[in-house]
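Let's walk through this model together, starting with a charge and a ring and ending with a group of aromatics.

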Amino acid sequence: GKVKFAYDVWGDSVNLASLMESTGEVGKVHITETTYDLVKDFFLCEKKAELVYAKNIGDVQTYFVLRLKPEYSADEAGFMPNTHFEEVKKQKFSA
């Protein structure tokens with residue numbers, strides 16, 4: 001207890017995280033274009049109309065995740081995955 005470690009975190013990841021937090025909306029999942037490219041086959045997403053500027057990165061396109069695509073959803077709202085989702089996910093992401 002006599003030595004305290006302190007860490008500072010900075011850089012593009014921190015700038016992007018701050019941007020996502022400050023430009024998001026309450027109750028919505030806010031993702032970057034990189035994440036969108038990974039999940040777009042499974043989820044319906046809404047592209048934000050305006051690009052947002054991130055320090056040292058530039059303009060960033062972001063999206064809100066709306067719901068699972070109907071073919072992967074076990075419920076009307078699109079929040080519960082079905083067995084087809086689980087099967088496809090395993091095939092796509094196991095290697």
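A charge sits over a ring if NZ of Lys or CZ of Arg is within 6 Å of the ring centre and within 35 degrees of the ring normal. K28 does this with F64, lying over the ring face at 4.9 Å from its centre. Before going on, keep in mind that this is a predicted model, where local features need pLDDT of at least 70, side-chain atom pairs count only at pLDDT 80 or more, and totals for chains, interfaces and linings use all residues. Residues are numbered from 1 along each chain as its sequence is written, and side-chain values use heavy atoms, with hydrogens and water left out.

Now step along to V29, which lies in strand β1 (residues 29-32). Helices (H or I, at least four residues) and strands (E, at least two) are DSSP runs, numbered from the N terminus. Setting aside neighbours within four places in sequence, V29 is in contact with Y63, F64 and V65; contact means heavy atoms within 4.5 Å.

Four bridges join β1 to strand β5 (residues 62-68), and the two run antiparallel; strands pair if DSSP finds at least two bridges between them. Across this pairing, H30 stands opposite F64 in β5. The open sheet has three strands in the order β1-β5-β2, with antiparallel pairing. β1 and β2 (43-47) are at the edges with a single partner strand each, so one side of each has no neighbour in the sheet. From one strand to the next, the twist averages 40°. Helix α1 (residues 12-23) packs on the sheet and touches β1 and β5, its direction making about 140° with that of β1. Those angles run from 0 to 180 degrees between N-to-C directions, using axes that are lines fitted to C-alpha atoms, for helices over the stretch in contact.

What about the aromatics? Rings of Phe, Tyr and Trp (its six-membered ring) pair if their centres lie within 6.5 Å; planes under 30 degrees apart count as stacked, over 60 as edge-to-face and the rest as tilted. By this rule there are five aromatic pairs. One of them, F42 with Y72, is tilted, at 5.3 Å centre to centre and 50° between the planes. F42 is in the loop between α2 (33-39) and β2, while Y72 is in the loop between β5 and α3 (83-93), 30 residues apart. Y72 also pairs with F85: the ring centres are 6.1 Å apart and the planes at 75°, so this pair is edge-to-face. F85 itself is in helix α3, 13 residues from Y72.

Ring pairs link F42, F43, Y72 and F85 into a cluster.
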